[in-house]
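Here are my notes on the ligand site and its pocket. Please read them with the model open.

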Amino acid sequence: MSQINSLEGQVALVTGSSSGIGAGVALALAQAGAKVVVNYAHSTKGAEKIVSKIVSLGGEAIAVQADVSQEEQVKAMFHKAITTYETVDILVNNAGLQKDFSLVDMSLEAWNKVIGINLTGQFLCAREAVKEFIRRGIVPERSSALGKIICMSSVHETIPWAGHCNYAASKGGVMMLMKSMAQELAPQKIRVNSIAPGAIKTPINKEAWDTPEAEEKLLELIPYKRVGEPDDIGKAAVWLASDASDYVNGLTLFVDGGMTLYPGFAGNG
Ligand code: NAD
């Protein structure tokens, strides 16, 4: 009997996977049997480290540089992935960043940068992935779906975030991009879902957990009383990429230890 959560023979492209959550997702998908395209923007060293780790565990991976906000670079990345591994079955739209300012101090450049990478980058990569899914056609022995897209969102697709208007707007946009793509592409057997992480220990939010005082304060927002690890997101990504979730489409899966449960109301409001 074949394993329902196996990704054997499939090719996954994970954007921004030279560090943090993307690296955890790339490793988890490789451990489930996928060949992985490790995209990175700047850190060749970081990307090569993840590739070596996957290879040392018996998997296959390549590192491909591309800025996901640049149309031609995204096209070139998919071309490289397809010429190396023949196709792409799974896209994880993970690349993202924060540029935090109060609203009045936020430059148009800081706004555009965050929207350009966190939202437009997801559109550009999804468009290339879908073109490839359609070109390849369904391969039933690999997956019931023609292709799978996982968008890395955030609890801030639903929790407003003062001082981070550009970031929260980008993740709110990711939610509607994901749902609209899921609705449009479902008849073609393409599944599109999001993962909304809560607080995960990565470089993006280091100051929020790297001292005991900061971690204690952060835990006030997490009912489960544990800061997440990249592997928590990796396990969710394997499920969403595999046929184990074949009837799941247009979902945001919150992996947040309960951060979206209004913890401020836990003591009777
Ligand atoms: P991270 O900084 O370790 O990872 C972000 C990655 O994106 C980096 O590898 C970075 O190089 C890459 N990147 C940035 N700009 C890029 C570009 N133009 N093109 C390609 N790659 C680019 O932080 P992370 O926490 O691992 O973040 C990954 C994703 O998870 C982001 O979308 C982030 O918004 C989301 N997220 C993180 C948390 C958290 O608590 N860490 C919570 C919610 C959502």
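Which helix gives the most to the lining of the largest pocket?

1. The answer is α1, with 3 residues. Helices (H or I, at least four residues) and strands (E, at least two) are DSSP runs, numbered from the N terminus. A pocket is an open set of points on a 1 Å grid over the protein atoms alone, where a 1.4 Å probe fits, with protein on both sides within 12 Å along at least five of seven lines; lining residues have an atom within 4 Å of a point.

2. Some ground rules. This is a predicted model, where local features need pLDDT of at least 70, side-chain atom pairs count only at pLDDT 80 or more, and totals for chains, interfaces and linings use all residues. Residues are numbered from 1 along each chain as its sequence is written, and side-chain values use heavy atoms, with hydrogens and water left out.

3. The largest pocket has a volume of about 1,200 Å³ (the space filled by probe spheres set on the grid points, which are joined across faces, edges and corners). Its lining has 48 residues; closest to the centre are Gly96, Leu97, Gln98, Tyr167 and Ile204. At least two lining residues come from each of α1, β2 (35-40), α4 (108-136) and α5.

4. The ligand sits in this largest pocket (more than half of its atoms lie within 2 Å of the grid points). There are 27 residues around the ligand, counted as near if a heavy atom lies within 4 Å. Ile21, Asn94, Tyr167, Ile200 and Thr202 come nearest. Both α1 (20-31) and α5 (165-185) supply at least two residues of this shell.

5. Now the polar contacts (pairs of N or O atoms within 3.5 Å). The side chain of aspartate 67 places an N or O atom 2.8 Å from a ligand nitrogen. A polar backbone atom of isoleucine 200 is 2.8 Å from a ligand oxygen. For glycine 198, a backbone N or O atom lies 3.1 Å from an oxygen of the ligand. The ligand taken alone exposes 810 Å², and the protein buries 91% of that (Shrake-Rupley method, 1.4 Å probe).

Notes:
A polar contact is a pair of N or O atoms within 3.5 Å; within protein, one must be able to donate a hydrogen and the other to accept it, and residues adjacent in sequence count only if both atoms are side-chain atoms.
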